[in-house]
Structure formats: C-alpha cells, structure tokens
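Subject: A structure for you to look at

Hello,

Here is the structure I promised to pass on, with some notes to go with it. Please have a look at it first and then read on.

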Amino acid sequence: RAAFGMALHLTRNRDDAEDLVQEAAIQAFRAFHTFVPGSHFRAWFFRILTNQFLNKIRRKRGEPSISSLDDASEFTLYKQMTQHGDRNVHDPAAQVLERIGTDQMVEAIASLPEEFRIVSALYFVDELSYQEIADSVGCPLGTVRSRLHRGRKMLQRALWELVQESSAPSLLSRSKGGK
C-alpha cells in the first residue's frame, strides 16, 4: 500500500504507478540477496522503487534538471497571510493545512519538480526520516536536507496558490475576523 502510494506520487498516474510497483517488486526479488537483515526493509524497497522510476525517466528524456528557486521565499505563507490582514500568525502552515483537503496537499506535492517531489513525498506522505530518505533515494544525507528545505519553500508557494484558487475567501475572512 505504501509502495503504491509512493509510486503514485512519483508517476502521477495510476496505471504507471501499478507498473512501477510491479517492476520494483521484481527487481527487489532479484536483488533480495543484497538486503541486510536487521536493516530497514521499507527504505531498501523504496530505494529500488525510486531508482526504477528515475531510470525510466532518464531513459525517456535524459538527466533531470534542477529547477530555479529564485522566486521561492523562506516564509511565503507567513508573508502572504500577514499581507492579507492576519497580524497574529503563529503557524501559517497549520492554518493553511486546516483549510485545504488531502487532495490539494497531494496536488501541491505533485507540482514540485521531480528531485524535490520525491524527497517531499517520502518525508511528508510516507513519514520517513532523513536517513531513511537518503537510503531510499541513494544520495547523501546533506542532499536530502537541501532538497527537502528547497522543496518546503516551493511547497509553501504551491499551497498558497491552491488556497487562493479554492478557499481564499474562507481563509482570508477567518484571518481578518479572527476565530
């Protein structure tokens, strides 16, 4: 179930996600002798799943490119909410997340560029630790931290855009008028 959820976040398509999980399961079966007993099986399998996905993408279009982050602000949600009248914003992310649905959160994560979407989905959706993500993706811990930091900044911007599109009146009216 978790593998399918992760595959769905990666591929953004139900059929492709099913194929990806099957391919990863076959690869895991073939490589099971490399699994170290006592280590985290989920992280090991997610690494295989992620590698299968990345290999498929690279074959289709070459190496992924890193996206520009020039317009990603550290405190996007805070700044937007204070500009819309709420001067007592203690946890802007919690306030926004209260007002959007799971589908919108998934949509926001799916809008991130691939290298940030993968670590963000593993962290926010599958609740893996930084080390488990590093093991799953096969990159250094510092790279995971960097991508997650940048992914959070882009996710704030994407969430704010979703809030403006769908529930801005309720968010803004609660912000100005209090609870």
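How exposed is Phe 32, in terms of its relative accessible area? Phe 32 is partly exposed, with a relative accessible area of 46%. Here buried means under 20% relative accessible area, exposed means over 50%, and partly exposed is in between, using a 1.4 Å probe and protein chains only.

Before the rest, a word on where the values come from. This is a predicted model, in which local features need pLDDT of at least 70 and side-chain atom pairs count only at pLDDT 80 or more, while totals for chains, interfaces and linings use all residues. Residues are numbered from 1 along each chain as its sequence is written, and side-chain values use heavy atoms, with hydrogens and water left out.

The overall picture

The chain has 10 helices and 0 strands. Helices (H or I, at least four residues) and strands (E, at least two) are DSSP runs, numbered from the N terminus. Of the 179 residues in the chain, 44% are buried.

The aromatic rings

The structure holds 8 aromatic pairs. In one of them, the ring centres of Phe 32 and Phe 35 are 5.8 Å apart and the planes make an angle of 20 degrees, so this pair is stacked. For the terms: rings of Phe, Tyr and Trp (its six-membered ring) pair if their centres lie within 6.5 Å, and planes under 30 degrees apart count as stacked, over 60 as edge-to-face and the rest as tilted. Phe 35 counts as buried, at 15% relative accessibility.

Phe 41 and Trp 44 make a tilted pair, with 5.5 Å from centre to centre and 40 degrees between the planes. These two residues are 3 apart in helix α3 (residues 41-61), which separates Phe 41 and Trp 44 by about one helical turn. An α-helix has 3.6 residues a turn, so residues three or four places apart point the same way. Phe 41 is partly exposed at 42% relative accessible area, whereas Trp 44 is buried at 16%. Phe 32, Phe 35, Phe 41, Trp 44 and Phe 45 form one aromatic cluster.

More on helix α3

Which residue forms a salt bridge with Lys 56? The partner is Glu 23, and the closest N and O atoms of the two are 3.2 Å apart. Glu 23 lies in helix α2 (residues 14-30) and Lys 56 in helix α3, so the pair ties together parts that are 33 residues apart in sequence. The structure holds 1 salt bridge, the term being used for a side-chain nitrogen of Lys or Arg within 4 Å of a carboxyl oxygen of Asp or Glu. Both ends are partly exposed, with Glu 23 at 28% relative accessible area and Lys 56 at 24%.

Leu 54 is also in helix α3 and counts as buried, at 10% relative accessibility.

Arg 12 sits in the loop between α1 (2-11) and α2, and is partly exposed at 47% relative accessibility. Its phi is near 65 degrees, a positive value in a residue other than glycine.

Arg 12 is also among the residues that line the second largest pocket, together with Gly 5, Leu 8, His 9, Asn 13, Arg 14, Val 106, Ala 110 and Val 125. α1 and α6 (102-110) are the elements that give two or more residues to this lining, and α1 gives the most, with 3 residues. A pocket, on a 1 Å grid over the protein atoms alone, is an open set of points where a 1.4 Å probe fits, with protein on both sides within 12 Å along at least five of seven lines; lining residues have an atom within 4 Å of a point.

Helix α7

Helix α7 (residues 114-125) has 12 residues and reaches 15 Å from its first C-alpha to its last, close to the 16 Å expected. That expected span is 1.5 Å times one less than the number of residues. In α7, 9 of the 12 residues are buried, so this helix is largely enclosed by the rest of the structure. The buried ones include Phe 116, Ile 118 and Leu 122. Just after α7, Glu 127 takes a positive phi of about 55 degrees.

Best wishes
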